[in-house]
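Please have the sequence and the 3D view open as you go through the topics below.

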Amino acid sequence: MPGYKGHITGSLVAGGIAAVAAFMLGYHFLVTPSQIAGLVGFCLLGGLFPDSDTDSKGQNLFYGLLIIGDGALIYFRQYSWAAWVGLFAMLPALGHHRSWTHTWWAMLVVGIPIVVIPVLVLGRSTFMVYLPFYVAFTVGYFSHLLLDRKFL
(Lines give C-alpha, C1' and ligand atoms only; values in the text may rest on other atoms or scores of the structure.)
Protein backbone atom coordinates (compact mmCIF):
# COMPACT_ATOMS: atom_id res chain seq x y z
CA MET A 1 0.00 0.00 0.00
CA PRO A 2 1.27 3.46 -0.85
CA GLY A 3 2.32 5.96 1.76
CA TYR A 4 1.35 9.59 1.91
CA LYS A 5 3.46 10.47 -1.17
CA GLY A 6 1.65 7.83 -3.21
CA HIS A 7 -1.72 9.11 -2.05
CA ILE A 8 -0.78 12.71 -2.86
CA THR A 9 0.37 11.70 -6.33
CA GLY A 10 -2.68 9.49 -6.83
CA SER A 11 -5.12 12.22 -5.86
CA LEU A 12 -3.42 14.76 -8.15
CA VAL A 13 -3.40 12.31 -11.08
CA ALA A 14 -7.03 11.33 -10.47
CA GLY A 15 -8.02 15.00 -10.20
CA GLY A 16 -6.23 15.79 -13.46
CA ILE A 17 -7.93 12.90 -15.24
CA ALA A 18 -11.32 14.01 -13.87
CA ALA A 19 -10.73 17.60 -15.03
CA VAL A 20 -9.78 16.47 -18.54
CA ALA A 21 -12.77 14.11 -18.66
CA ALA A 22 -15.13 16.88 -17.53
CA PHE A 23 -13.76 19.21 -20.21
CA MET A 24 -14.07 16.51 -22.90
CA LEU A 25 -17.67 15.81 -21.84
CA GLY A 26 -18.55 19.43 -22.43
CA TYR A 27 -18.26 20.90 -18.96
CA HIS A 28 -16.51 24.08 -20.00
CA PHE A 29 -16.12 26.27 -17.00
CA LEU A 30 -14.12 29.33 -16.25
CA VAL A 31 -12.02 29.04 -13.14
CA THR A 32 -9.77 31.53 -11.45
CA PRO A 33 -6.36 30.63 -10.04
CA SER A 34 -7.86 30.67 -6.53
CA GLN A 35 -10.60 28.24 -7.61
CA ILE A 36 -8.00 25.94 -9.14
CA ALA A 37 -6.02 26.07 -5.90
CA GLY A 38 -9.20 25.25 -3.99
CA LEU A 39 -10.04 22.30 -6.25
CA VAL A 40 -6.49 20.94 -5.93
CA GLY A 41 -6.67 21.44 -2.15
CA PHE A 42 -9.99 19.59 -1.86
CA CYS A 43 -8.67 16.78 -4.04
CA LEU A 44 -5.62 16.47 -1.78
CA LEU A 45 -7.81 16.54 1.34
CA GLY A 46 -9.94 13.76 -0.11
CA GLY A 47 -6.85 11.73 -0.95
CA LEU A 48 -5.45 12.10 2.56
CA PHE A 49 -8.67 11.89 4.59
CA PRO A 50 -8.92 8.08 4.89
CA ASP A 51 -5.57 7.98 6.73
CA SER A 52 -6.37 10.94 8.98
CA ASP A 53 -7.51 8.50 11.66
CA THR A 54 -3.98 7.26 12.43
CA ASP A 55 -0.69 8.83 13.45
CA SER A 56 1.05 9.26 10.10
CA LYS A 57 2.57 11.77 7.68
CA GLY A 58 -0.73 11.68 5.81
CA GLN A 59 -2.55 12.71 8.98
CA ASN A 60 -0.05 15.52 9.57
CA LEU A 61 -0.49 16.80 6.01
CA PHE A 62 -4.29 16.50 6.18
CA TYR A 63 -4.50 18.53 9.38
CA GLY A 64 -1.83 20.93 8.13
CA LEU A 65 -4.00 21.73 5.11
CA LEU A 66 -7.04 22.11 7.36
CA ILE A 67 -5.16 24.48 9.68
CA ILE A 68 -4.16 26.64 6.72
CA GLY A 69 -7.73 26.69 5.41
CA ASP A 70 -9.26 27.28 8.83
CA GLY A 71 -6.69 29.98 9.60
CA ALA A 72 -7.55 31.73 6.32
CA LEU A 73 -11.24 31.60 7.20
CA ILE A 74 -10.53 33.13 10.61
CA TYR A 75 -8.25 35.77 9.07
CA PHE A 76 -11.03 36.80 6.69
CA ARG A 77 -13.51 36.81 9.62
CA GLN A 78 -15.48 33.87 8.29
CA TYR A 79 -16.01 32.46 11.77
CA SER A 80 -19.08 30.41 10.95
CA TRP A 81 -17.23 28.58 8.15
CA ALA A 82 -14.18 28.11 10.40
CA ALA A 83 -16.42 26.49 13.02
CA TRP A 84 -17.82 24.04 10.44
CA VAL A 85 -14.30 23.09 9.33
CA GLY A 86 -13.31 22.53 12.97
CA LEU A 87 -16.36 20.37 13.61
CA PHE A 88 -15.81 18.12 10.61
CA ALA A 89 -12.07 17.89 11.29
CA MET A 90 -12.95 15.80 14.35
CA LEU A 91 -14.78 13.08 12.36
CA PRO A 92 -11.81 10.71 11.99
CA ALA A 93 -11.61 10.40 15.78
CA LEU A 94 -14.90 8.48 15.69
CA GLY A 95 -13.27 5.24 14.60
CA HIS A 96 -10.03 3.34 14.40
CA HIS A 97 -7.70 2.99 11.42
CA ARG A 98 -9.14 1.34 8.33
CA SER A 99 -12.64 1.25 9.72
CA TRP A 100 -15.34 3.53 8.32
CA THR A 101 -12.85 5.92 6.64
CA HIS A 102 -11.87 3.17 4.18
CA THR A 103 -15.37 2.40 2.84
CA TRP A 104 -17.05 3.33 -0.44
CA TRP A 105 -20.01 4.90 1.38
CA ALA A 106 -17.70 7.19 3.38
CA MET A 107 -16.16 8.30 0.07
CA LEU A 108 -19.60 9.53 -1.00
CA VAL A 109 -20.86 10.82 2.36
CA VAL A 110 -17.89 12.56 3.99
CA GLY A 111 -17.73 15.34 1.40
CA ILE A 112 -21.47 16.10 1.42
CA PRO A 113 -21.05 19.00 3.88
CA ILE A 114 -19.01 20.75 1.18
CA VAL A 115 -22.26 21.40 -0.69
CA VAL A 116 -24.90 21.06 2.02
CA ILE A 117 -23.51 23.63 4.48
CA PRO A 118 -23.31 26.42 1.86
CA VAL A 119 -26.83 25.58 0.67
CA LEU A 120 -28.15 25.75 4.24
CA VAL A 121 -26.27 28.95 5.07
CA LEU A 122 -26.34 30.81 1.75
CA GLY A 123 -29.28 29.30 -0.14
CA ARG A 124 -29.93 26.81 -2.91
CA SER A 125 -28.30 28.96 -5.58
CA THR A 126 -24.88 27.99 -4.19
CA PHE A 127 -25.24 24.27 -4.96
CA MET A 128 -23.61 24.40 -8.40
CA VAL A 129 -20.87 26.71 -7.12
CA TYR A 130 -19.72 24.21 -4.49
CA LEU A 131 -20.44 20.98 -6.39
CA PRO A 132 -17.02 20.94 -8.15
CA PHE A 133 -15.32 21.06 -4.72
CA TYR A 134 -17.37 18.04 -3.56
CA VAL A 135 -16.42 16.21 -6.77
CA ALA A 136 -12.73 17.10 -6.29
CA PHE A 137 -12.80 15.81 -2.70
CA THR A 138 -14.58 12.61 -3.76
CA VAL A 139 -12.17 12.00 -6.66
CA GLY A 140 -9.24 12.35 -4.26
CA TYR A 141 -10.95 9.99 -1.79
CA PHE A 142 -11.60 7.49 -4.57
CA SER A 143 -7.93 7.55 -5.56
CA HIS A 144 -6.96 6.69 -1.98
CA LEU A 145 -9.32 3.72 -1.79
CA LEU A 146 -8.23 2.54 -5.24
CA LEU A 147 -4.54 2.71 -4.29
CA ASP A 148 -5.34 0.83 -1.06
CA ARG A 149 -7.03 -1.81 -3.24
CA LYS A 150 -10.45 -1.35 -1.63
CA PHE A 151 -12.11 -1.66 -5.07
CA LEU A 152 -10.17 -4.67 -6.34
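Tyrosine 141 touches Gly46, Gly47, Phe49, Pro50, Trp100, Thr101, His102, Thr103, Ala106, Met107 and Val110, leaving aside residues up to four places away in sequence. Please keep in mind that this is a predicted model.

**Helix 7**

- Helix 7 covers residues 127-147, which makes 21 residues.
- From its first C-alpha to its last, helix 7 reaches 30 Å, close to the 30 Å expected at 1.5 Å a residue.

**The largest nonpolar core**

- This core has 22 residues, and the members that touch the most others are Phe49, Phe62, Val110, Phe137 and Tyr141.
- Two or more residues come from each of helix 2, helix 3 (57-75), helix 5, helix 6 and helix 7.
- Helix 7 gives the largest share of the core, 7 residues.
- In soluble globular proteins, nonpolar side chains tend to be buried together.

- Some nonpolar residues form a surface patch of about 1100 Å², among them Trp84, Met90, Trp104, Trp105, Ile112 and Val116.
- Helix 4 (79-89), helix 5 and helix 6 each supply at least two residues of the patch.
- Is Val116 buried, partly exposed or exposed? Valine 116, which lies in helix 6, is partly exposed, with a relative accessible area of 35%.

**Loops and positive phi values**

- Arginine 77 sits in the loop between helix 3 and helix 4, and its phi is near 60°, a positive value in a residue other than glycine.
- Arginine 77 is exposed, at a relative accessible area of 63%.
- Arginine 149, in the segment after helix 7, likewise has a positive phi near 60°.
- Arginine 149 is exposed too, with a relative accessible area of 61%.
- Tyrosine 27 belongs to the loop between helix 1 and helix 2, and it counts as exposed because its relative accessible area of 55% is over the 50% cut-off.

Key: Residues are numbered from 1 along each chain as its sequence is written. This is a predicted model: local features need pLDDT of at least 70, side-chain atom pairs count only at pLDDT 80 or more; totals for chains, interfaces and linings use all residues. Side-chain values use heavy atoms; hydrogens and water are left out. Helices (H or I, at least four residues) and strands (E, at least two) are DSSP runs, numbered from the N terminus. The expected span of a helix is 1.5 Å times one less than its number of residues. A nonpolar core is a set of buried Ala, Val, Leu, Ile, Met, Phe, Trp, Tyr and Cys residues joined through side-chain atoms within 4.5 Å. Buried means under 20% relative accessible area, exposed over 50%, partly exposed in between (1.4 Å probe, protein chains only). Contact means heavy atoms within 4.5 Å. Patches are made of residues with over 30% relative accessible area and no salt bridge: like charges are joined within 9 Å, nonpolar side chains (Val, Leu, Ile, Met, Phe, Trp, Tyr) within 5 Å. Accessible areas come from the Shrake-Rupley method with a 1.4 Å probe; for residues, only the protein chains shown count as cover. A salt bridge is a side-chain nitrogen of Lys or Arg within 4 Å of a carboxyl oxygen of Asp or Glu.
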